Amino acid sequence: MGRLTAEIPQKSCEEFYEEADRNGVGGLMLVFVIWLMFVNPLLTLLNSNPVIGYLYVLSTRMDYPMADLIYRVNQILMVLLIIAGIVLGYRVNKLRPRSLEWSRIYLLVHLIFVLTLVFVTVPVILTAIEKGLMKELMPKEITRLLVNMNFRIWSSLLAFGVWYGYLGTKQARQLFYPDKLNEGH
């Protein structure tokens with residue numbers, strides 16, 4: 001009768017933890033991965049989507065010729081950013097090559113997307129106020145739109161500052177490039 005058990009090689013605690021560290025991230029980098037894969041996509045859907053929707057409604061009521069195109073481009077960019085964040089979060093978690101650099105680029109692109117969205121939306125809102133179209137929308141919706149935009153701006157700026165700064169630290173580079181940093185000493 002054959003053996004149904006496998007032999008597990010004995011390792012020291014240090015070897016076990018070194019191997020576990022190399023198989024995935026921990027500490028602040030794990031918080032970054034969670035933010036990148038779960039929190040940021042949810043914030044993007046919950047806060048950017050209503051802004052894009054209101055932008056479309058106002059633009060069509062004011063007969064902007066490119067309203068439909070701008071709406072579709074914003075929706076596509078938003079979905080692409082969400083997918084890119086999830087894929088990048090997985091790559092960072094597995095410490096894949098160039099993930100650190102791509103994360104910094106992603107943060108910059110995401111911030112540019114949010115700021116562009118806001119700077120495109122504000123002139124449309126001001127024009128709608130001048131034309132009296134804002135009376136048609138309920139004040140509750142207008143307040144929600146402005147709160148969403150404000151929250152999205154500040155949360156994106158805060159996330160960019162914290163994570164972009166952290167990804168540039170020696171501690172973050174040590175996770176991805178331990179051999180290169182140790183050669184320099």
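**Quick briefing: an all-helix chain**

Going along the sequence, the chain reads α-α-α-α-α-α-α. That makes seven helices and zero strands. Bear in mind that this is a predicted model.

**Whole chain**
- Of the 185 residues in the chain, 36% are buried.
- Take the contacts between residues at least 6 apart in sequence: 80% of them join residues at least 24 apart.

**Nonpolar core**
- The largest nonpolar core counts 43 residues, with Met29 and Phe32 having the most contacts inside it.
- At least two residues of this core come from each of helix 2 (28-61), helix 3 (67-93), helix 4 (99-131), helix 5 and helix 6 (170-176).
- As a rule, nonpolar side chains in soluble globular proteins tend to be buried together.

**Met29 and Ala172**
- Skipping neighbours within four places in sequence, Met29 is in contact with Val92, Leu100, Tyr166, Leu167, Ala172, Leu175 and Phe176.
- Ala172 sits in helix 6 and has a relative accessible area of 0%, so it counts as buried.
- With residues up to four places away left out, Ala172 touches Met29, Leu100, Tyr166 and Leu167.
- Ala172 and Met29 are 143 residues apart along the chain, yet their C-alpha atoms are separated by 7.4 Å.

**Arg152**
- Arg152 belongs to helix 5 (residues 139-167).
- Is Arg152 buried or exposed? Its relative accessible area is 3%, which is under the 20% cut-off, so Arg152 is buried.
- What does the side chain of Arg152 make a polar contact with? The partner is the side chain of His110, at 3.1 Å.
- Beyond four places in sequence, Arg152 touches Asn40, Leu43, Thr44, Asn47, Ser48, His110 and Val114.

**Nonpolar surface patch**
- On the surface, a nonpolar patch is formed by Met66, Leu69, Ile70, Val73, Ile76, Leu77, Leu80 and Val120.
- Together these patch residues have about 670 Å² of accessible area.
- Helix 3 is the top contributor to the patch, giving six residues.
- Leu80, one of the patch residues, lies in helix 3.

Terms used. Residues numbered from 1 in each chain as written. Predicted model: local features only at pLDDT ≥ 70, side-chain atom pairs only at ≥ 80, totals over all residues. Heavy atoms only, no water. Helix = DSSP H or I, 4+ residues; strand = E, 2+ residues; numbered from the N terminus. Buried < 20%, exposed > 50% of the residue type's maximum accessible area, 1.4 Å probe, protein only. Polar contact = N/O pair within 3.5 Å; in protein donor to acceptor, adjacent residues only side chain to side chain. Contact = heavy atoms within 4.5 Å. Core = buried A, V, L, I, M, F, W, Y, C linked by side-chain atoms within 4.5 Å. Patch = residues over 30% accessible without salt bridge, like charges linked within 9 Å, V, L, I, M, F, W, Y side chains within 5 Å. Areas by Shrake-Rupley, 256 points an atom, 1.4 Å probe, with all protein chains shown as cover. Salt bridge = Lys/Arg side-chain N within 4 Å of Asp/Glu carboxyl O.
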